[in-house]
Every structure is written in C-alpha cells, then in structure tokens.
Amino acid sequence: MEKKTQFESAPATEKILQAALRLIKFSANHTSNEILVETLNEAEVLTGSKIGFCHLLESDQNILSLQAWSTRTTGEMCRADSQGEHYPVDSAGVWVDCIHARKPVIHNDYASLKNKKGMPVGHAAVTRELVVPVFRNDLIVAILGVGNKDTDYSETDVKNISDLADLSWDIAERKRAEEALRESEERWQFAMEGAGDGLWDWNTKTKKVFFSRQWKKMLGYNEDEIGDSPAEWEKRVHPDDVDRVLKEVGRHLEGITPLYTTEHRVKCKDGTYKWILDRGKVITRDSSGKPLRVIGVYTDISEFKRLEEFLRSSEEKLWTIFQVLPVGVALLDHDGKIVQMNPALERILRMPGNDIKDEKYRSRKYLRGDGAPLPQEEFPSRQALNEGRVILDEVIGIVTEDGSTVWTSVSAAPLDTKDIGVLTVTLDITENKNSREILAKSEEKYRSLIELADDVILLTDTNGRHLFRNKAYYSSLGYSGEEELALDGHEYVHPDDLPNVRAASADLIRNGMAFSSYRVRHKNGQWIDRQAKTKVIYDSKHRPEAFMSIIRDITEQKRYEEMMTRNEKLESLGTIAGGIAHDFNNLLGGVFGYLELAENYAESPQVKELLSSAGRTISRARKLTSQLMTFSQGGDPDFRRASLFPFVEDTVRFALAGSSLRCNFHVDPNLWAASYDLNQMSQVIDNITLNARQAAEDSGKYEVTAENIKVNPGEIPELVPGNYVRLSFRDFGRGMNPEILSHIFDPFFTTKTLGSGLGLATSFSIIKRHNGTIRAESVPDRGTVFHLYLPAAGGSTSVEINLNHNTVYAIGSGKILIMDDESEIRNTLRQELILLGYTVETAAEGLEALKLYKGAEAKGSPFDAAILDLTISGGPGGLDVMREIRKNDAKIFLFSMSGYAEDIMISDAKIFGFTAGIPKPFNMEEISKLLSKYLVKS
C-alpha cells in the first residue's frame, strides 16, 4: 500500500507547510534536481545545519545514486565531485545507517563512530548528521540528510526533516514525470519532422488541432497563417476526396479500423493540389470509448502520384517497354494475384507464365537475404498491398525445383487502381550477389588481418606518398588514428641510421625487395628499433607502381637480447663471485673478530679509535662481498610479503640525507603489496638514489612514483604476464647517451673515477632474483628514470624497519661448540664468546665436532648450543653434523653460519633443522644478540 503524503495524513507544522508552498512555487520554473537542491536549502534553514544532501536508492535497495547537495554545501563546504555516481550500500559508511535501520538516524558525535568510512578528496568534515529515509510502497526511494548543526539534533529535527522530505519528494516526482513526458513528445516530433513529414494532434474535447510547422510548410504556409481548427484541414481537402476521407476518419474514430490511412489531395497556398498520405490513430478514449485525442502524420506523395498518372496515360508505350524489359515486372490485383507479367519474370522464376498465374510459384521455398526462410505474408507485394507503402530493393532467394537458388531484388509499389493493387519489379542478382559476398568476405578478412596486425603495413607510391597505412602506423609511434604525422619520409629516422635506409632503397630498386633496420623517434621523444621488409609492386608493363612495406617494432626484442647477454655475463661471474665472497667473508670474519677483541683489550683511547676506524673500513669490504654474493647461486632473497611504503620512502630519504635534492613521492593509495628481501631491496634503492644524487645534484629535483600495472603477454618479454608494482626513480640531471645507457648494468662498467661498477649490476641481479626486471631510460641533459617491476603479492602488509644501531652486548652463560675449518674464525669467535660469559670448545671439521659432542654427553656436561659452519673442506659440513646431533637431541640450540651470506640455510635455517642462522662476517654485537635470544634467561 502506497504511503500517504503529509498533505493527506497528520497535519504538518506551519514552517513545513510554508516550506512546501515555496517548493511548489519554485517547481514551476525549475527542474526536478533543482527542486531537490532547494529542498536541502530549506532543510538547512529548518534545522540550523551547514550541510545538506539527498541520494536516490535503486529498486533493488542495494545501489545508491549520489544525487544532490545543498547550495551551501557545494559552494562553501564540500569540493568532492561525485554527482550521478552509483555507490553500493554495503560499501558506504554510517551515513546509510537509516537504510539498514529503515528509520531516521542521528549521529551527534560523528567522530566517535567506529564503522565510519573515509571521505573522498574535497569532502566537508562532518561533526553531526541526521539522515532520514523516504518510503514509497514500503521501499526506500531516497535518503535526505543534514549535518554540522552547532547543537545536537533532536526528535523535532527528525520530524521536521522527515515531513519536508516526504512533501518535497512528491513535488520532485511530479516534476520528473512532466520532464519525461515533455522530452518524449519532443523526441517524437523531432524524429517525424526530421524525416520530412508533417504532424497533427487533434484534441476532440477542446476541438483544437495542433498543426506542426512542417505540416504548414508542406502546403506553402508560414507558421502564423493557419489556425488550430479542424476546419483548417477539412476545407483544404479536394472536393472529390472529402467524402471518402471523412468516411475513413469516421471508421477509425468508431474503432472499426485500427489505423486511419488515406491518400487524398490537399489544396496548397498557391492554389495547386498535392497528394498526401494521411495516417492517424486515436491514442486516448474516455470510459465510454469516445475518442479524446488523435495524432497523425502527413506525407507528401505527389511525386509518386505523378508517376502513377504517367503510367496510366502512357499505357501503350509502357506495354512495349513492359515486354522487352530485362527485369521481371508484374501487376497484381487487390487480392495479390498476378494479373499481368512480362517474359523476363518467367525467365527469372524458372516457370511458365500459366503456372505463375495459377500461383504454383507459391509452393516454392523463399529465403530472406540472410538465408532465413521468408513467409509469404512478408512478400514485398503483400506488404505493399496491406500497408499501402512502397517497398524497395528487398533481397529474396527463390529455391528452384533443381535445388539451386535464384537471388532477386524485388521492389513493390501500391497502385490503387480499379483492377491493379500493386506493381512489382524483380531483378535477377544471383551472379552479382555471389560475387559481392565472396569479395566482401575476402576484403573483410584481409582488412581485419591488416588492421589488427601489430606490424606497420604501409603502401606508398613511387613518389613516397602514402596510399594506405594501417592503425599500427600511428600507434607504433604513439599517435592516434585521427592525428596526422607532421614528419614524413626520413625526417623521423635516427641520423646514424639514414645510410642504412638509403642503401636499402637502392637495393629495392635493383632487386625488387629490400630489408633494413633503423631507429625512429617516438612521439614521446624516445628512439625505437624497427625492422622493415619492402617489396615493389609492378604494373602490367612491369614498371614500379607502388611499394608495400611490413615494418616490425623490434625494440623489446633487442632489449630482451641485451638482457639475455647480460644474464649470461652475470651467470658466468656467479661461480667466481660466490667462491671469492665465501673465502673473503671467512677472512673478514677473522679480521673482524681480532679487531673487536683488540678494541676490548685496548686501554688507550687513541688505539680504541684507530681499531674502531679499521672496523668501519672492514665494513665497507663486507658490503662489497655482499654485492659479489648477489651474483652467486647463494644470493636468493629472503622473501617477506609486505607493503613497499613507507620502506621505500625511508630508504630514499636516508640516501639523500645531506644532499640538496628534494624528493617528491607519488604513490597509488591502493598500492599492491609485494614479496621482497628487505636488505636486498634497500641495496637496490640505495644504488639508484646515490647515482641520481651524483648525476643531478644541481637540479634540486628527484621523483619517486609507485603504481599498480598489469603486464600483458609479450608486452615486456622478460616478465611473466600478471600484476606488478612499478617503482620509478626519476632525476633531472645530465642524463646518458644511448651508448653508455646500453652498458650500465654490465658488471664492472662505470663512468666514475672511484666506482666499482657493481652497483647497478648488483641491482639488476637482485631484481631478477625477485622475478622482476629493471629498465632505464635517459635523455642527455634531461635526466634519467629507472623503472623497477616487482610481482604484486596482493593485499597490503606493513613492515617495520629497525634503524637502531647502538652497540649492545648480551652477557650469557652456557657451553657452546664451535665448528669451522678456518683457524682465525675459531679463535676469534671463541675469545668473543668467552668475553660474553660462555664456555667454549672448538673443532676444525665435522668428525671432530661430533666426537666433542658425544664426549660431553658421556661426561654428563652436554653442550647447550653449537655454531656450525656449513662448508667444511675435506669433511662433513654443518648440515651433516646438525642431522647427527638431532638424532639424539631435539632441544639443543644449533646455529648455521656461512661465508655464503645469502645461503638459504642461513635465511631459512629452521626449515633445515637449525635453530637459526648467521652470515659471515659478523661482529660481536650480532652474535651476542643471536645467542641472547635463546641462551640468556634474564
């Protein structure tokens, strides 16, 4: 049951009634949406609010249409632009609580609400709000809300806003109905008059007729020269036609005929007569069936009537033409039976004339132009008879007795003479139709292939003018199909490649075909690599007539080849780098240990400082071994699924500390998470940012952009298709030329006096191990941008970075076994652990370590922990020793250590049975923290 309005139910307050009257007056000259805005203005005044909004609810009760805001809201309070957007109710915040509760809702302490959602950019801050639903037929059709009243909203406010919303909804609904009706009528009138027809609209109750401008123009009158009386039409109908026409009008008004249709003559302003096809229909009747409104269309058919008269007056001549015409012509009576036909029709129908007149042709099977069956009631002759209109060029297939199909083009025209009802003209188009279909299919197939091709297909004449170019011609250079390239010929070819292009042109003339490779300038200024194959097209006298070229973009192919070459270099370096780093780490471990022990025993402050400085110098060597290790098979990342921000921002800012560069960050608010090694990614960002710092110190600008992208198949050859996070680091410094740019990721390549040439090579290897890629673009004197692609992990996860580097030693107790084949490592680590409070025994290889372990067990003084080197020369390594010990003791703390800092048995030690792992070289602080986690009780 439909809900009654406030005018029909309980009395509204005087303020509400006054507001409603103002809205009714306002609606006379304003749209429905403006009425809603004015309602919100009234609602703000009633409640003392500063915000007002109204949103419509779809019939499914799940989708909101963001509709209107008050004048003050849009003018002073809120800049959010979302009018007309559709918004799921389930995704909305507390402002749709009234929909869930199906009653008005007050939020007087908006800030404290737990389930509120964030506001869009530019939205006004909300302190209080009152939102009421508007019901019709037990469904919520809209919600109206006000907000930011200086005091709390009360039940009086609820009643006032509910009443006002109910009243204004009825006003706006009536206005919407009026607008829809007016738009419908305007569209109908425009459509008909646009076709050249005149319109009339007869109101029998008021005895007034609307004659359209085209109706009057058709008879030669201006807009103001014909009134609105039915007599204006009747008095202009030819005297010989008026009785017949009025009879047809009467038959339709009485409901005998569904439509009123006549052809009659109407007198024009200049005294001449026009033949008019007049059609009309009653569209409204009263309860007794009496017509109230009739509308109709006037069509000028004078030309057709003149042709008809010409045919009648030239019967003898036409009969001769009729007989010799190569097209089939037939005259049919008003029942659709063939009265007369010419010989050509017999030939087309493959049937004798007597059989045709006996209507044996009706037993044939007939087809539409698309091959579907054609019912006889849809024959052009039948349509012309029944509908009184001309049918032109209807394609019909006739299946003959031998099963073949004759395709014809049939036209039919009603003649409305005493004996003849319709004229048909039939043309045999079988051969033409078959040829056209074959040609059309062939053209469509090859044009589709050409237009869909990724390669550029270009046809030029011998003067270089373009005769044809497919869409790829534009898109490959960054242009749209509507843009005309300002550059022509060789103007956009790289200057260094012009000799190759000219040589290929000479080959083309000599051999009729040529191949060439060259670079062209993209719309964005970048150079792209192309490979072209061009063939000469000759005329009938074997003279060059045109040139056809197929041009392929091989930029990605060349990049992929360069990347594969770079990978081979890295892989060949991997084995050497891993071995060097392992041995070097072992040496560094001993040096580290001795320096820290010396520093602990030293009494002189100067000596302590020198030893500390030496330790910092060794740390730089430790970083170099870390870079070398990246090339080895042991450099697998320790993946952690996490968001990239604020990690990236913190790393960049730290790398720029003390620099004049100021970095701007542009981060997608919905940036995907990624799985990455925190330390390795920090190393990549450091390398790129420090390079930018050196290259762009004077520019003052540095930009970091983070965005989500989808990589499609073949788009970036070295990447698996899917979702990626792209980090872009752009500086505005001196940039690089193409020659330098092509080598920046090569190991040991550097343009710096003191550079090692490992920074970017290391970065490339790290990103590759992250299943991503890194690319660089650079323009001399305009800067460089590095793009990092990392596979998206989905969702968002934060990661905390501990930047506290204060030295802390955790003193402990317990018995520890050390196994390492390097005496320096064993000795320094033993002394460090003794300083930390532990009892220590050492072994040089696995068998000795197991012997010490078993001996301690037998004596009843077992080891509490063991630190086992993974790689031992000439004997069992740490993994084998750990497995033997674990057979007897599952609780002992066993720690893996290795000079291969990125060994998976260090990063994922627990998977292999170790308690934890530690990479060499490490300092006293690091080993103390590791042991304290498991051995120190307090």
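The mean pLDDT of the chain is 81, and 80% of its residues reach 70 or more; pLDDT is the predictor's confidence in each residue, from 0 to 100. This is a predicted model, in which local features need pLDDT of at least 70 and side-chain atom pairs count only at pLDDT 80 or more, whereas totals for chains, interfaces and linings use all residues. Residues are numbered from 1 along each chain as its sequence is written, and side-chain values use heavy atoms, with hydrogens and water left out.

Over residues 1–12 the pLDDT stays under 50, and the model has 19 contacts for them beyond four places in sequence, a contact being heavy atoms within 4.5 Å. The stretch 795–806 also has pLDDT below 50, with 18 contacts in the model beyond near neighbours in sequence.

The chain contains 27 helices and 34 strands; these are DSSP runs numbered from the N terminus, helices being H or I of at least four residues and strands E of at least two. Of the 938 residues in the chain, 44% are buried (buried means under 20% relative accessible area, exposed over 50%, partly exposed in between, with a 1.4 Å probe and protein chains only). Among contacts with a separation of 6 or more, 59% are between residues 24 or more positions apart.

An open sheet of 5 strands has the order S8-S7-S11-S10-S9 and antiparallel pairing, where two strands pair if DSSP finds at least two bridges between them. Its edge strands, each pairing on one side only, are S8 (208–211) and S9 (260–267). From one strand to the next the twist averages 25°; axes are lines fitted to C-alpha atoms, for helices over the stretch in contact, and angles run from 0 to 180 degrees between N-to-C directions. Helix H8 (residues 239–253) lies across S7, S9, S10 (273–285) and S11, and runs at about 150° to S9.

Strand S7 (residues 198–203) pairs with S11 (residues 291–300) in the antiparallel sense over 6 bridges, and Gly198 stands opposite Tyr298 in S11. Tyr298 also belongs to an aromatic cluster with Phe211 and Trp215.

A hairpin is formed by S20 and S21 with 5 residues between them, and Gly525 in the turn has a positive phi of about 95°. S20 (residues 513–521) and S21 (residues 527–538) pair in the antiparallel sense over 9 bridges, with Arg521 opposite Trp527 in S21.

The whole structure holds 9 aromatic pairs. Rings of Phe, Tyr and Trp (its six-membered ring) pair if their centres lie within 6.5 Å, and planes under 30 degrees apart count as stacked, over 60 as edge-to-face and the rest as tilted. Two of the pairs are tabulated below.

| Pair | Centre distance | Plane angle | Class |
|---|---|---|---|
| Phe745 and Phe764 | 5.5 Å | 40° | tilted |
| Phe895 and Tyr934 | 5.6 Å | 55° | tilted |

Phe745 lies in the loop between helix H21 (738–741) and helix H22 (759–769) and Phe764 in helix H22, so the pair ties together parts 19 residues apart in sequence. Both Phe745 and Phe764 are buried. Phe895 lies in strand S33 (residues 893–898) and Tyr934 in the segment after helix H27 (924–932), so this pair ties together parts 39 residues apart in sequence. Phe895 and Tyr934 are likewise buried.
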